Amino acid sequence: MLLVHHTFSKMALASVLSGDSADFSFDSSQSFAFGGGPGPSGLGLEGTPGDSLSFSVKNPLCVGDDDGVERKIEFLHGTTTLAFKFQHGVIVAVDSRATAGSYIASQTVKKVIEINPYLLGTMAGGAADCSFWERLLARQCRIYELRNKERISVAAASKLLANMVYQYKGMGLSMGTMVCGWDKRGPGLYYVDSEGNRVCGDLFAVGSGSMYAYGVMDSGVRHDLTVEEACELGRRAIYQATYRDAYSGGQVNLYHVHSEGWTRISQDDVLVLHHQYKDQA
Amino acid sequence: MRTMMCSRLDEEQSGHRTHPHLLLSTIFFFFSPDGHLFQVEYAQEAVKKGSTAVGIRGKDIVVLGVEKKSVAKLQEERTVRKICALDEHVCMAFAGLTADARIVINRARVECQSHRLTVEDPVTVEYITRYIATLKQRYTQSNGRRPFGISALIVGFDYDGTPRLYQTDPSGTYHAWKANAIGRSAKTVREFLEKNYTEEAIAGDNEAIKLAIKALLEVVQSGGKNIELAVIRRNQPLKILESKEIETLVTEIEKEKEEEAEKKKQKKST
């Protein structure tokens, strides 16, 4: 039953991506996932060798595509996403660049997935894996809400996601996501990845640019920040990461999760931010 | 009808071994012509034969009382327990077939822990009641199985401190109650509760316990010895009252009754 589901999800991925992704003709020596696995190494996680292999390796479970052309799936290990808790909730900030090797595939990727009006998920790793599983999570959360007449807690939502992907551990899923929300216990932030990790924390950064983001965040984060200060901190952290990390860039998308749900705060192009910060200094 | 029953029987026999001459075993998943599910109704009859249980929802306490069936001389009293904890904050009492209850209780206990594991929160009383009711309903619509012959009273406190009392029956329905009784003479007890469940009657913990005892005394022979009582107070685990405590309360109740009778006599005479 597990295998069938997996094949189904692979087929779903193919149909989802065939429309959107351009036809990248690479030679198989190119590796996509350059520069860091989905998990921040600050947590003591090693990206498994599988993460940084070229994804032209044939998955034995996956039947070759019908038209014979091997579609390379884009992976967003080259990314910077961050989230941190503070007194007024959770700030979520992400970049918007997707790379395939040294080719910038897109500068306008939405890396924050709106699970429901009070839960957000970030995307790092395989774009399709993240969006598929998080949409499945949205469905589970809604069913929970209908059955139990109350919102699902962030702990439970992240647990559901972790349990779902754990069944596919070792089968090539690549997903490093942060589940952020506000429930009866207050602000909630969990890091969940396809290796089966699920960690609660106050502050996470995920992706190739995470080290740069950590530096900025760690120096500025306090529990008693105001909303504007926290937004600026998140924005600055992503900007600094895009400045130094080649695989992050595009725009900074900023969200704030508070007791009423989440709000999209801003979307700023990093070049504009660059000039803004230069003028300020 | 007969040919249908025979073909069902073949299914059963190929599936799992059943007595070839027990055609009755196939009846229950059909409706009767006037819309009854007879097996469910027979199960409810079985419940009515069970010993009485009463549940009361107070303000800061929930009380379960059951009629203790008299044990044989050589039997260890403590092995007969009709009130069981499902988790730290939820417990239930049942009326009907004890063996069926044991299965339901086991499944409910596992579900309470599974819920804690996946959702990282203790179950709400409503959730576990819904689980038990769904379980019971499944057995009313299943091949080769009969419904559970128990009604359950499930009490406890939710995460936010609200006290709850639910009742389930063999058909798989459940309702919330302020006070209810199941089992033998449940009707009498319920009528007593309807008359005597007032805001003052449950104002304090002791009052709620006394109300439960009074309700049971209506139908139980020979007083406090045949009553088993359990309470849950907010944020405290299930506590089963010792027989001494029950005796004390019964004596108090009898004294109050006498005082009431005295007052009435005086009123009449003046």
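Select A:Val252 and A:Asp268 first: in this predicted model, A:Val252 stands opposite A:Asp268, which belongs to β12(A). Now extend the selection to the two strands around this pair. Strand β11 of chain A covers residues 251-258, and its pairing with β12(A) is antiparallel, over eight bridges. Strands of a sheet pair through backbone hydrogen bonds, either parallel or antiparallel.

**The five-stranded sheet of chain A**

Five strands of chain A make up an open sheet, and their order is β10-β1-β2-β11-β12, with antiparallel pairing. At the edges are β10 (203-206) and β12 (261-269) of chain A, each of which pairs on one side only. Viewed from one strand to the next, the twist averages 15 degrees.

Next, select residues 227-244 of chain A, which form helix α5. This helix lies across four strands of chain A, namely β1 (81-86), β2 (89-94), β11 and β12. Its direction is at about 155 degrees to that of β1(A).

Then select residues 270-280 of chain A, helix α6. Helix α6 of chain A lies across β11 and β12 of that chain, and it runs at about 75 degrees to β12(A).

**The annotated residue A:Thr79**

The UniProt record, an unreviewed entry, lists A:Thr79 under "active site". Where in the chain is A:Thr79 placed? It is in the loop between α1 (2-20) and β1 of chain A.

Is A:Thr79 buried or exposed? Its relative accessibility is 0%, and buried means under 20%, so A:Thr79 counts as buried.

Which residues touch A:Thr79, once its neighbours within four places in sequence are left aside? They can be selected in groups along the chain:

- A:Asp95, A:Lys111, A:Met123 and A:Ala124 are among the contacts of A:Thr79.
- A:Val206, A:Gly207, A:Ser208 and A:Gly209 are also in contact with A:Thr79.
- A:Asp245, A:Tyr247 and A:Ser248 complete the list of contacts.

**A hairpin in chain A**

Move to residues 112-116 of chain A, strand β5, which is mostly covered: four of its five residues are buried. Its partner is strand β6 (residues 119-122) of chain A, with which β5(A) pairs in the antiparallel sense over four bridges. Between β5(A) and β6(A) there are two residues, and the two strands form a hairpin.

**Chain A as a whole**

Chain A has 281 residues, of which 52% count as buried. Among its contacts with a separation of 6 or more, 65% are accounted for by residues 24 or more positions apart. The accessible surface of chain A is about 12,900 Å², and carbon and sulfur atoms account for 54% of that area.

**Helix α7 of chain B**

Turn to chain B and select residues 243-269, helix α7. At 1.5 Å a residue, the 27 residues of this helix should span 39 Å, and the end C-alpha atoms are 39 Å apart, which agrees.

An α-helix has 3.6 residues a turn, so residues three or four places apart point the same way.

**Two loop residues of chain B**

Select B:Glu120, in the loop between α3 (98-119) and α4 (125-138) of chain B. Its phi is near 60 degrees, a positive value in a residue other than glycine. With 30% relative accessibility, B:Glu120 counts as partly exposed.

Select B:Ser185 next, in the loop between β8 (179-182) and α5 (186-196) of chain B. Phi of B:Ser185 is near 55 degrees, again positive in a residue other than glycine. B:Ser185 is partly exposed, at a relative accessible area of 32%.

**Chain B as a whole**

Chain B contains seven helices and 10 strands. Of its 270 residues, 45% are buried. The accessible surface of chain B comes to about 15,100 Å², with 52% belonging to carbon and sulfur atoms.

Definitions and conventions:
Residues numbered from 1 in each chain as written. Chains lettered and ligands numbered in written order. Predicted model: local features only at pLDDT ≥ 70, side-chain atom pairs only at ≥ 80, totals over all residues. Heavy atoms only, no water. Expected span 1.5 Å × (residues − 1). Buried < 20%, exposed > 50% of the residue type's maximum accessible area, 1.4 Å probe, protein only. Contact = heavy atoms within 4.5 Å. Areas by Shrake-Rupley, 256 points an atom, 1.4 Å probe, with all protein chains shown as cover. Pairing = 2+ DSSP bridges. Axes fitted to C-alpha atoms, helices over the stretch in contact; angles between N-to-C directions. UniProt positions renumbered as here; feature names shortened; annotations may be inferred.
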